[in-house]
Amino acid sequence: MRYRLTFIAGLALGYVLGTRAGRERYEQLKKAAQQVSQNPAVRNATETAAQTGREFAGKAYHSVSGRVEDKVPASVAQRVRSLRERNGHGGDDWGTTNT
């Protein structure tokens, strides 16, 4: 019984010390990530990547919508238009032809 209690106490102590060390390491990693994200060069690179991604997404949207607009069922086209209007992206004529 004494060995069992010693084992359980050692296990509990190891768990507490391990979680404390893990938490400290987590805080170190979190602080390092925040410092990197606040670096002006990193901010410029992420903004450039985001802008480029938006441009490519717009080109892909127009390319695909031009090819499939007459092949999509009217119900799907109506759903796409309603989602775009709800998100503030109106003004396109995607899926307006009913064939």
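These legends describe the whole chain and then several close-up views of a predicted model.

Figure 1. The protein chain has 3 helices and 0 strands. Read along the sequence, the pattern is α-α-α. The chain has 99 residues, and 6% of them count as buried.

Figure 2. The mean pLDDT of the protein chain is 82. A value of 70 or more is reached by 86% of the residues. Among the elements, helix 1 has the highest mean pLDDT, at 90. Helix 3, residues 74–86, has the lowest, at 77. Where pLDDT is low, the predicted coordinates should not be read in detail.

**Figure 3. A nonpolar patch lies on the surface.** Three residues form this patch: Phe-7, Ile-8 and Leu-11. Together they have about 330 Å² of accessible area. Ile-8 belongs to helix 1, which covers residues 2–37. Ile-8 is partly exposed, and its relative accessible area is 47%.

**Figure 4. Arg-23 and Glu-27 form a salt bridge.** The closest N and O atoms of Arg-23 and Glu-27 are 3.1 Å apart. Both residues lie in helix 1, 4 residues apart. They are therefore separated by about one helical turn. Glu-27 is partly exposed, with a relative accessible area of 32%.

**Figure 5. Glu-47 and Arg-54 form a salt bridge.** Here the closest N and O atoms are 3.3 Å apart. Glu-47 is partly exposed, with a relative accessible area of 45%. Arg-54 is also partly exposed, at 48%. A search of the whole structure finds 2 salt bridges. One of them is this contact between Glu-47 and Arg-54.

**Figure 6. A charge sits over an aromatic ring.** The ring belongs to Tyr-3, and the charge to Arg-2. The charged end of Arg-2 is 5.1 Å from the centre of the Tyr-3 ring. Pairs of aromatic rings are another matter. Such a pair is described by the distance of the centres and the angle of the planes. The count of aromatic pairs in this structure comes to 0.

Methods:
Residues numbered from 1 in each chain as written. Predicted model: local features only at pLDDT ≥ 70, side-chain atom pairs only at ≥ 80, totals over all residues. Heavy atoms only, no water. Patch = residues over 30% accessible without salt bridge, like charges linked within 9 Å, V, L, I, M, F, W, Y side chains within 5 Å. Areas by Shrake-Rupley, 256 points an atom, 1.4 Å probe, with all protein chains shown as cover. Salt bridge = Lys/Arg side-chain N within 4 Å of Asp/Glu carboxyl O. Helix = DSSP H or I, 4+ residues; strand = E, 2+ residues; numbered from the N terminus. Buried < 20%, exposed > 50% of the residue type's maximum accessible area, 1.4 Å probe, protein only. Phe/Tyr/Trp six-rings, centres within 6.5 Å; stacked < 30°, edge-to-face > 60°. Lys NZ or Arg CZ within 6 Å of the ring centre and 35° of its normal. pLDDT = per-residue confidence, 0-100.
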